Amino acid sequence: MRNRAILAACLLTVMVTACGSAEQPEVIEQIVVRERGAAPLAAAVSEGGDDLVALGEDAFQMCTGCHVIETGAPSSAGPNLHGVVGRVVGGLEDFPYSDALTASEAVWDDASLDQYLADPGGYLPGTDMLAGAVRDEETRAAIIAYLAANSVPSE
């Protein structure tokens, strides 16, 4: 009888431990704040009502958890994206890029940024962008327009 009680206690302990030990995937949540009554980005782009760069600035807010875009600002979790269009991939001096980005000899342009934002790990296997892909084509186009506008050298 006593052995059964010990066995039951051991089994119960194993079951409780197993149930509580499963690792849950990390969830990354981003909140994009838009002005009340503002049109959705995709609708605004397709209607051509607003400037694409301004829409890109709005859409870039989803990126600001990891990236900055101010001239000379230090990088944070992701590299500073000021001047990214025309820059060698993995070429910002003050950022510790992945080996895949450092080994790349490509230069960021509209097409490469579009492919990378659509599928970071697919474009350059071994890379990791925490926020993941930007699935909406129009949103990517707006973000790329904003990045390009912030890549023009100052006169």
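## An aromatic cluster

In this predicted model, Trp108, Tyr116 and Tyr123 come together as one aromatic cluster.

Tyr116 and Tyr123 pair edge-to-face, with ring centres 6.3 Å apart and 75 degrees between the planes. Are these two tyrosines buried or exposed? Tyr116 is buried, at a relative accessible area of 9%. Tyr123, at 23% relative accessibility, counts as partly exposed.

## Another edge-to-face pair

How many aromatic pairs are there in the model? The count comes to five. One of them joins Phe95 and Tyr97, again edge-to-face, at 5.0 Å centre to centre and with 70 degrees between the planes.

Both partners are worth a look for their surroundings. Phe95 is buried, with a relative accessible area of 17%. Tyr97 is buried as well, with a value of 15%.

## The largest pocket

Now to the open space in the model. The largest pocket holds about 700 Å³ of space. Which of its 37 lining residues are the closest to its centre? They are His67, Pro79, Tyr116, Asp128 and Met129.

By class, the lining is made up of 23 nonpolar, ten polar and four charged residues. Helix 5, spanning 110–118, supplies at least two residues of this lining, and helix 7, spanning 137–149, likewise supplies at least two.

## Helix 7

Which residues of helix 7 are buried? They are Thr139, Arg140, Ala142, Ile143, Ile144, Ala145, Tyr146 and Leu147.

## One face of helix 3

Helix 3 runs over residues 52–59, and Leu55, Gly56 and Ala59 are buried in it. Why do these buried residues line one face of the helix? Seen down the axis of helix 3, they fall within an arc of 105 degrees, so they share one face.

An α-helix has 3.6 residues a turn, so residues three or four places apart point the same way.

Conventions. Residues are numbered from 1 along each chain as its sequence is written. This is a predicted model: local features need pLDDT of at least 70, side-chain atom pairs count only at pLDDT 80 or more; totals for chains, interfaces and linings use all residues. Side-chain values use heavy atoms; hydrogens and water are left out. On a 1 Å grid over the protein atoms alone, a cavity is a set of points where a 1.4 Å probe fits but cannot get out, and a pocket is an open set with protein on both sides within 12 Å along at least five of seven lines; lining residues have an atom within 4 Å of a point. Grid points are joined across faces, edges and corners, and a volume is the space filled by probe spheres set on the points. Helices (H or I, at least four residues) and strands (E, at least two) are DSSP runs, numbered from the N terminus. Ala, Val, Leu, Ile, Met, Phe, Trp, Tyr, Cys and Pro count as nonpolar, Asp, Glu, Lys and Arg as charged, and the others, Gly among them, as polar. Buried means under 20% relative accessible area, exposed over 50%, partly exposed in between (1.4 Å probe, protein chains only). The arc is that of the directions from the helix axis to the C-beta atoms. Rings of Phe, Tyr and Trp (its six-membered ring) pair if their centres lie within 6.5 Å; planes under 30 degrees apart count as stacked, over 60 as edge-to-face and the rest as tilted.
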